[in-house]
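User: I am new to this structure and would like to learn how its features are read. Please take me through them one at a time.
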Amino acid sequence: MRILAIDTALGLCSACVFDSDTDTAIALESIEMVRGHAEALMPLIERVINRVEGGFETLDRVAVSVGPGSFTGLRVGLAAGRAFGLAAEIPVIGVNTLSAFAAPYLGIESVDHIASVIDARHDHVYMQMIRNDGKLVLPPQITPIVEVVSAIGSVKVRIVGSAASLLVAAMREQGHHPDAEPDLAGPDIAWIARLGAIARPEHALPAPLYLRPPDATPQTNGRIALA
Amino acid sequence: MRVLGIETTCDETAVSVVESNQDGEGRILSNEILSQIKAHQAYGGVVPEIAARAHVEVVDLLVKQALATAGLTLRDMDAIAAAAGPGLIGGVMVGLTTGKALALVTKKPFLAINHLEAHALSPRLTDGVAFPFLLLLASGGHSQILFVRGVGDYVRIGTTIDDAIGEAFDKVAKMLGLPYPGGPEVEKQALEGNPEQFAFPRPMQGRKEPNFSLSGLKTAVRIEAEKIAPLTGTDIKNLCASFQAAIVDVVTDRMKMALRVARADFGEPTAIVIAGGVAANLAMRQALHRLAAQNGLPLVAPPLALCTDNGAMIAWAGIERLRLGLVDGLDTPPRARWPLEAKRSADV
């Protein structure tokens with residue numbers, strides 16, 4: 001299966017065309033980027049697709065990261081992915097960024113549990129925890145760091161993601177010493193593609209995974225009293 | 001020539017297919033629109049993050065629907081157009097990225113449209129208005145008077161120095177407890193009210209530069225309303241009627257001045273045009289109709305559905321620009337602010 005994978009949810013702007021039968025990236029580009037995805041993404045995809053003989057017509061699927069991550073960033077990737085699906089008439093698969101961070105450690109014997117962590121600011125993280133056989137232990141959530149520490153402190157866990165060091169520091173303060181991987185700017189785009197290849201389209205819709213409601217409160221101030 | 005147009009700059013997701021014939025006349029083949037009004041009502045105005053979330057859920061489905069209604073496919077398009085601003089940046093990104101992606105797959109030219117330019121050119125789609133014309137562009141987010149000389153050739157004659165005209169309606173509605181969007185509500189209440197009950201100021205009236213200032217008028221309404229609170233239904237009707245009478249007077253006076261400036265500096269327009277959501281206000285239309293007639297000019301107001309935000313105006317602006325070969329790159333950035341004059345001087 002040939003997949004176009006896209007990720008703009010965190011600190012990378014990435015795209016690759018991936019052949020899942022040979023487990024190889026045919027063309028791949030990934031740039032570290034905090035903002036500016038809306039300008040950079042489409043020329044980047046154009047460069048990637050131009051290196052693939054036959055272009056869009058040879059694709060079987062699109063896989064796109066759906067978050068959690070930057071709200072605007074993940075929407076850029078999703079808008080692009082969904083439009084590609086429409087124009088090329090192929091399925092679009094949504095891939096959770098936390099799963100993409102954890103996926104490289106699945107099935108590794110020395111690893112027991114894998115906790116994926118993304119900074120959600122204000123002392124919160126987006127996190128999920130799975131076992132090394134893929135079973136979901138803690139579903140994707142936004143949680144205060146202190147609560148994550150008490151929830152997973154006694155678990156044999158490897159911490160991965162873009163804010164692994166943040167959680168590790170908090171755990172050490174409480175006397176826990178988990179295994180951890182270095183922080184990554186974003187998920188490896190090849191893993192977005194691999195997860196996109198094995199997902200069933202009806203179970204992995206390309207819909208945003210924000211985990212946090214929009215910052216808005218109903219307003220009634222400034223209203224003049226009615227009789 | 002056929003162009004697909006995508007609009008996501010505020011709280012409407014809209015997609016349309018427009019075609020032009022050899023004589024340059026436009027025909028709308030589909031005009032799909034999904035309004036988010038209900039999602040924002042509780043907040044008394046558009047919440048940018050709620051708007052952006054809604055756009056990304058539906059814009060591709062609307063593209064599909066617009067093509068189906070037109071009985072065409074993406075391959076039948078000559079280009080893909082999307083609004084690149086000005087507007088709420090999160091929403092702009094969604095429509096802009098969608099448009100670029102469709103253009104990339106189908107290998108069609110991409111057109112990044114200025115939302116204000118699309119409003120400015122829409123009377124040419126609906127009424128075939130010839131250049132040059134005097135345009136009042138008035139909505140909840142924009143209030144400007146433009147002399148439209150050609151595609152990409154806009155002279156701003158006047159603008160608001162504080163609130164937009166539609167914004168003033170919305171704010172008055174909000175303080176009186178009327179639902180969002182406030183414009184139509186204020187108009188409805190005003191129908192049964194006495195426009196002379198309150199003598200509200202007419203800010204800037206008579207000034208030579210045809211600019212608006214509306215925040216003082218809004219404050220005057222608040223002061224009067226607080227004086228007589230708690231408000232009865234009749235109070236609200238009278239406040240609305242008196243406010244609307246004042247703002248219509250101001251707009252008419254400013255347009256009169258703008259016409260004088262236009263004639264003196266740029267020549268005779270073929271028409272006075274009103275576009276944007278405020279063009280839906282009947283009192284405003286009637287007053288501008290009188291002004292146009294007094295000056296021997298027609299007043300052109302596009303049909304209501306094409307005065308408020310829509311995809312057809314984006315597609316049409318795309319056609320006008322494509323004819324001139326003004327296509328854009330896939331690296332075009334979304335823009336929260338994008339004044340018309342600045343962009344166009346860069347083009348020539």
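User: Which residues have the most contacts inside the largest nonpolar core?
Analyst: A nonpolar core is a set of buried Ala, Val, Leu, Ile, Met, Phe, Trp, Tyr and Cys residues joined through side-chain atoms within 4.5 Å; buried means under 20% relative accessible area, exposed over 50%, and partly exposed in between (1.4 Å probe, protein chains only). Here the largest core holds 77 residues, and Phe56(A), Phe84(A), Leu4(B) and Leu102(B) have the most contacts inside it. Helix H2 (residues 71-88) of chain A gives the largest share, 10 residues. This is a predicted model, in which local features need pLDDT of at least 70 and side-chain atom pairs count only at pLDDT 80 or more, while totals for chains, interfaces and linings use all residues. Residues are numbered from 1 along each chain as its sequence is written, chains are lettered from A and ligands numbered from 1 in the order in which they are written, and side-chain values use heavy atoms, with hydrogens and water left out.

User: What is Phe56(A) in contact with, leaving aside neighbours within four places in sequence?
Analyst: Contact means heavy atoms within 4.5 Å. On that basis Phe56(A) touches Leu4(A), Ile45(A), Ile49(A) and Phe84(A), together with Leu104(B) and Val105(B). A second, separate core of 54 residues includes Val155(B) and Ile236(B).

User: How many salt bridges does the rule find across the interface of chain A and chain B?
Analyst: A salt bridge places a side-chain nitrogen of Lys or Arg within 4 Å of a carboxyl oxygen of Asp or Glu. The rule finds 2 across this interface. Asp60(B) forms a salt bridge with Arg82(A), their closest N and O atoms being 3.0 Å apart. In the interface, 36 residues of chain A are in contact with 42 residues of chain B.

User: What is the order of the strands in the open sheet of chain B?
Analyst: Strands of a sheet pair through backbone hydrogen bonds, either parallel or antiparallel. Helices (H or I, at least four residues) and strands (E, at least two) are DSSP runs, numbered from the N terminus, and two strands pair if DSSP finds at least two bridges between them. The 5 strands of this sheet follow the order S8-S7-S6-S9-S10 (chain B), with mixed pairing. Strand S8 (153-159) and strand S10 (299-300) of chain B are at the edges, each with a single partner strand, so one side of each lacks a neighbour in the sheet. Strand S9 (residues 272-275) of chain B pairs with S10(B) in the parallel sense over 2 bridges, and Ile272(B) stands opposite Leu299(B).
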